[in-house]
Amino acid sequence: MNKEEFIIWARKLRDVYTVSNAVQMRLANVDLLAVVGPTGVGKTTIINKLDMPAVLSDVTRDMRPDEENNQNYHFREDYVQILQEVKTGTFAQFVVSESGDFYGTHMDAYPEEGWCSMAIFATAIPAFRELGFRRVLPIYIMPPGYVEWMRRIGAQRDSDISDRIAEAITSIKTALLDPEYHFVLNDNVDFAVRDIQRIINGEAPDDHRARLARETADILLERLGDQDDSIYFSSEEK
């Protein structure tokens with residue numbers, strides 16, 4: 001089975017997919033810290049510094065230059081095996097992206113109980129809330145500012161950069177309209193981790209930093225809609 005054939009089957013099974021009883025029992029004891037934010041804001045760095053298990057998705061897309069297998073995702077090409085795991089309900093969830101790639105979280109990626117963290121698209125948060133976790137806590141990570149963020153994504157620019165910017169616009173809009181999100185500023189990774197730990201513990205985060213994070217979200221959303229950002233990308237990339 002090649003990738004194209006697998007994706008056809010995955011799309012057919014998505015609307016009728018049912019998780020197994022084992023998956024339901026495990027998720028009922030898990031608290032999920034959903035780390036959301038645009039590309040290049042440091043989600044992976046923050047997740048690696050949190051004192052909790054990290055959940056890695058299984059994906060069929062190609063690795064990007066800044067990624068490593070089993071560090072960012074489980075990159076898979078064993079399509080027959082993935083299809084069998086879908087049929088037996090061993091994924092907590094899965095989607096097929098618009099670009100035609102499979103993204104799913106296997107039951108074994110989650111701890112048996114307690115907190116775990118995972119980088120999640122904002123548009124997927126409603127689906128995760130329906131999976132039966134004991135708790136889903138969405139945290140939106142913001143860069144220190146618009147210019148710095150544009151420089152970061154300019155440095156890692158690749159063939160799907162326009163899609164990643166479009167996703168950033170969608171995710172910021174989604175998060176700003178959802179009252180359950182906590183916005184965290186990643187101007188300093190240790191400060192950001194500290195703010196997240198306070199939120200997890202039910203403590204009030206630093207009010208000034210939380211306000212700056214939301215203001216940055218507003219600025220990014222405004223600038224992405226009407227600015228020419230070509231100055232942030234090298235001439236070789238144009």
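Modeller: Begin with the second largest pocket. R14, Y17, V19, Q24, A92, Q93, F94, V95, A127, E130 and L131 line it. On a 1 Å grid over the protein atoms alone, a pocket is an open set of points with protein on both sides within 12 Å along at least five of seven lines, a cavity is a set where a 1.4 Å probe fits but cannot get out, and lining residues have an atom within 4 Å of a point.

Biologist: What pLDDT do local features need here?

Modeller: Residues are numbered from 1 along each chain as its sequence is written, and side-chain values use heavy atoms, without hydrogens and water. This is a predicted model: totals for chains, interfaces and linings use all residues, side-chain atom pairs count only at pLDDT 80 or more, and local features need pLDDT of at least 70.

Biologist: Which element gives the largest share of the lining of the second largest pocket?

Modeller: Look at the run A92, Q93, F94 and V95 in the lining. The largest share, four residues, comes from β4.

Biologist: How many residues of that lining of the second largest pocket are nonpolar?

Modeller: Sort them by class. Ala, Val, Leu, Ile, Met, Phe, Trp, Tyr, Cys and Pro count as nonpolar, Asp, Glu, Lys and Arg as charged, the others, Gly among them, as polar. Two lining residues are polar and two are charged. The nonpolar count is seven.

Biologist: Which residue of β5 stands opposite V95?

Modeller: Five bridges join β4 to β5, and the two run antiparallel. Q93 has T105 as its bridge partner in β5. On the other pairing, strand β2 (residues 58-59) meets β5 over two bridges, also antiparallel, and V59 stands opposite Y103. V95 likewise stands opposite Y103.

Biologist: Which residue takes a positive phi in the hairpin of β4 and β5?

Modeller: Look between the strands. The hairpin has five residues there. One of its residues has a phi near 85°, and this is G100.

Biologist: Is β5 largely enclosed or largely open, and how many of its residues are buried?

Modeller: F102, G104 and H106 point one way, Y103 and T105 the other way, and all are buried (under 20% relative accessible area with a 1.4 Å probe, protein chains only; exposed is over 50%, partly exposed in between). β5 is therefore largely enclosed by the rest of the structure, and its buried count is five of five.

Biologist: Which residues does H106 contact, leaving aside its neighbours within four places?

Modeller: H106 lies in strand β5 (residues 102-106). Its relative accessible area is 15%, so H106 is buried. Its contacts (heavy atoms within 4.5 Å) are D58, E85, T90 and F91.

Biologist: Now strand β7. How many bridges join β1 to β7?

Modeller: Seven of the eight residues of β7 (residues 135-142) are buried, so the strand is largely enclosed by the rest of the structure. β7 pairs with β8 in the parallel sense over four bridges, with I139 partnered by H182. Strand β1 (residues 30-36) also runs parallel to β7, and D31 stands opposite R135. The bridges between β1 and β7 number six.

Biologist: Is I199 buried or exposed?

Modeller: I199 sits in helix α8 (residues 189-200). I199 touches L137, I139, H182, V184 and P205, not counting residues up to four places away. Its relative accessibility is 6%, so I199 counts as buried.

Biologist: Which element gives the largest share of the lining of the largest cavity?

Modeller: The lining residues are F183, V184, L185, D195, P205, D206, R209 and A210. Two elements give two or more residues, β8 (182-185) and α9 (207-226). Five of the lining residues are nonpolar, none polar and three charged. The largest share, three residues, comes from β8.

Biologist: How far apart in space are R214 and F183, C-alpha to C-alpha?

Modeller: R214 is in helix α9, and at 34% relative accessibility it counts as partly exposed. R214 touches L176, Y181 and F183, not counting residues up to four places away. R214 and F183 are 31 residues apart in sequence, yet their C-alpha distance is 6.2 Å.

How values were computed
Pairing = 2+ DSSP bridges.
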